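Please open the structure in a viewer and keep the selection panel at hand.

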Amino acid sequence: MFDGTPIDETDRAFWSENKGLEYINTLAFETDIQPIQVAIQGKFYAVSALAAAMAQIEHQFSITFAPHSLRVRYQPSDDTMMIDISAIQCLEIVQNNHSPKSKDSLFGLLNHCATPMGTRMLRSNIIQPPTLYESFIAPRYAAVEELTINEDMFLGIRKTLKNFLDVEKLLTKLITIPVISAISQAEQQINQVLMIKSFLEAAKELHVVMRPATTPLLVKIRDLCSLERIAAISQKINTVLESDVAYTRSALDLRNQRTFAVRSGISGVLDVSRQAYKELTEEIHQYVEQLNERFNVIATLKYDNGRKYWLKISIRDYNSVDPPGQFINVVKKRGAIECQTLDLVKLNMRLSDTSNEVVFRSDAIIEQLVADLQVDASHLFKMCEAVGLMDMLASFAQLMKSARHPLLDKILSEQFVPNDYFATEQHCFHIVTGFNMSGKSTYIRTIALLQIMAQVGCFVPAEYASFSIVHNIFTRISLSDNIEAGLSSFSVEMRDMAFILRNVDQQSMVIIDELGRGTSTRDGLAIAIAMAEALIQSKAFVWFATHFLDLARALGNRPGVLNLHLASDCSISDDGVPHITMLYKTERGPEKDEQNYGINLAKAMGLPETITRKAEEFVRASRLRKEANRQNSDAQKLQKRRLLILSLHEALKQARIDGAEDALPGYLRQLQHEFVTQMAAIEDGD
């Protein structure tokens, strides 16, 4: 039984969806307890993997489980980063939010893989990047660097990878013994053996082109595809199968390859059946030639799995012949007629019976071969993982460019403004302010995507980069309501923040965009400050984008806090029309709010002058009131301080005159405490 424990770099992707399915199947039939307790290694595939497992069990074993009888236990993966589902969606790690079929996501950007194994490994890695630098991340960087330097080896690897079939997916089926034998299952087993044969031939080519490799990880991959191991497995196959047979995607070619896959001479009865198949095939071709001569047409013989052999005739030829009842199953398509004849249907039936007999005769021989190959299933799994890892690393080798958003650098045609990112224990909490459309959201999302890219072993688009290892990434970005769950935007915000605050630690990265906008300004600011305080205490790396300038001012002097803003330039033309230019560049300090950016933007967008003028008057009056209140407050505080100091002076004079010597120290201490308390209350505005 597989326990999912990663052994080395090539084993860490063992818990793919297929082998998770295999593990569940194994557990399901090795345990005697009810309900079955299934452990699934992974974070986000638990439900889908279990559903796939149950469907597989029902299909192959004809077994179903009673409703509510299955207990699932979640076990997190070790030594990998945890990215919450909100972050996966908001950062568009796997899928673009606006166009699900678009490749404009982090996965789409990095996915230059040539094999399904590499694609699955890449997807698994960007969802759960490794956290062990020496064991996983550093060896990948060294391997990618060698691939970029040795261009001949890199091009040879890329060319060879295109020859690999998705053997990893069929290995689970290969080691599963069906309860009910059928022709379709026998055909499938022959297909699987042919695919393994083609896979081994491609692995041999990969080993040869990787001979110049020197980095430990590439050497490990090459050794897993060793010629000795490949030869040992290939020998088992070549003893049974003809040397020139191979897996093909054409329906007719694949049928012929299955028919003549087993070497002649192993079974006399099988050889007789195959001779009959060959003669019937020749008879069909002769029949079509006779049909063309008889009706003076050019009918082309075609084949598919549904109709078997059928005829394709141009509409002009068909209309000129049109023999009553001669052609049946007629379908018109793109200027041609697809049809059959009654005699052709009869020949198809005879040929199908003969083909089934060949497959049936081959089944026992293939079953024995499969049993021999099952011994090598463990190494074949590792070879598939090695190929997938090699494919992923080769994909990374094409993706080196300067500090830009990895998605927008690809999507936008214009020059994207690079920015610097700097975070240490002394500056781990970043408050990012700026006007609308200034680039705050893009700025904070970028650092999370760069972190993921760096931690999976891919060079990031930067002139220089140095990253700490992060074990968790949390985000609070989307403000969409969850109508189905009856949750408002604010409720969703609080639910997500509660999850973050329960799980955040100093090895986490947190991305927060516009927290507290779903409620009143006063409450939103208060909650944002309180949550920011908690995140500062966690010592996590935090990028906190906000429009609350009071938050930036309130926390600006706290240890670990760094204030940043996205710069913009607002100028007024001679005709009084404002022109706003976003610089998309970070600068130290919070955003300055004296520019009336929002009103100027409204003017630039064509809002009526009467409305913008009233807005300016309101802002001006509001500032005057705020300034007057501040001055009044300062004057009141000054008056209260004076009165408190005078009161203290009188009390001290009285103590000097009338105070008893033994009681004086206690009285003075009490007087000091009262003075400090009252002065603090004045400063706090109480």
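## A guided tour

Begin by selecting Arg-476, which counts as buried at 2% relative accessibility; buried means under 20% relative accessible area, exposed over 50%, and partly exposed in between, with a 1.4 Å probe and protein chains only. The model is predicted, so local features need pLDDT of at least 70 and side-chain atom pairs count only at pLDDT 80 or more, while totals for chains, interfaces and linings use all residues. Residues are numbered from 1 along each chain as its sequence is written, and side-chain values use heavy atoms, with hydrogens and water left out.

**Stop 1: salt bridges**

Asp-496 forms a salt bridge with Arg-476, and their closest N and O atoms are 2.5 Å apart. A salt bridge is here a side-chain nitrogen of Lys or Arg within 4 Å of a carboxyl oxygen of Asp or Glu. Because Asp-496 lies in helix α19 (residues 489-503) and Arg-476 in strand β9 (residues 472-476), the pair ties together parts that are 20 residues apart in sequence. Helices (H or I, at least four residues) and strands (E, at least two) are DSSP runs, numbered from the N terminus. Asp-496 is buried as well, with a relative accessible area of 14%.

Next, select Arg-120 and Glu-168. Their side chains meet in a salt bridge of 2.9 Å, N to O. This pair links distant parts of the chain, since Arg-120 is in helix α5 (residues 116-127) and Glu-168 in helix α8 (residues 167-174), 48 residues apart. Which of the two is buried, and which is partly exposed? Arg-120 counts as partly exposed at 22% relative accessibility, whereas Glu-168 is buried, with a relative accessible area of 4%.

Continue to Lys-440 and Glu-514. These residues form a salt bridge whose closest N and O atoms are 3.8 Å apart. Lys-440 belongs to helix α18 (residues 440-455), and Glu-514 to the loop between β10 (508-513) and α20 (521-538); the pair links distant parts of the chain, 74 residues apart. Both Lys-440 and Glu-514 are buried. In total, the structure holds 17 salt bridges.

**Stop 2: a four-stranded sheet**

Select strands β4, β5, β6 and β7. They form an open sheet of four strands in the order β4-β5-β7-β6, with antiparallel pairing; two strands pair if DSSP finds at least two bridges between them. The edge strands are β4 (300-304) and β6 (327-333), each of which pairs on one side only. From one strand to the next, the twist averages 35 degrees. Axes are lines fitted to C-alpha atoms, for helices over the stretch in contact, and angles run from 0 to 180 degrees between N-to-C directions.

Within this sheet, β6 and strand β7 (residues 336-341) pair in the antiparallel sense over five bridges. Val-331 stands opposite Glu-338 in β7.

Now select Asn-329, which lies in strand β6. Its phi is near 55 degrees, a positive value in a residue other than glycine. Most residues other than glycine have a negative phi. Asn-329 is partly exposed, with a relative accessible area of 48%. Move on to Arg-334, in the loop between β6 and β7. Arg-334 has a phi near 50 degrees, likewise positive in a residue other than glycine, and counts as exposed at 90% relative accessibility.

**Stop 3: helices**

Select helix α13 (residues 268-295), which lies across β4, β5 (308-314), β6 and β7 and runs at about 20 degrees to β5. Then select Arg-361 in helix α15 (residues 342-374). Leaving aside its neighbours within four places in sequence, Arg-361 is in contact (heavy atoms within 4.5 Å) with Val-269, Leu-270 and Ser-273. Arg-361 and Leu-270 are 91 residues apart in sequence and 5.6 Å apart in space, C-alpha to C-alpha. Arg-361 counts as partly exposed at 34% relative accessibility.

Finally, select helix α9 (residues 183-209) and helix α11 (residues 227-240). The two pack at an angle of about 155 degrees, with their axes 10 Å apart. They are therefore roughly antiparallel to each other; angles under 35 degrees count as roughly parallel, over 145 as roughly antiparallel, 65 to 115 as roughly perpendicular and the rest as oblique. Among the residues making the contact are Val-193, Ile-196 and Leu-200 of α9 and Ile-230, Ile-233 and Ile-237 of α11.
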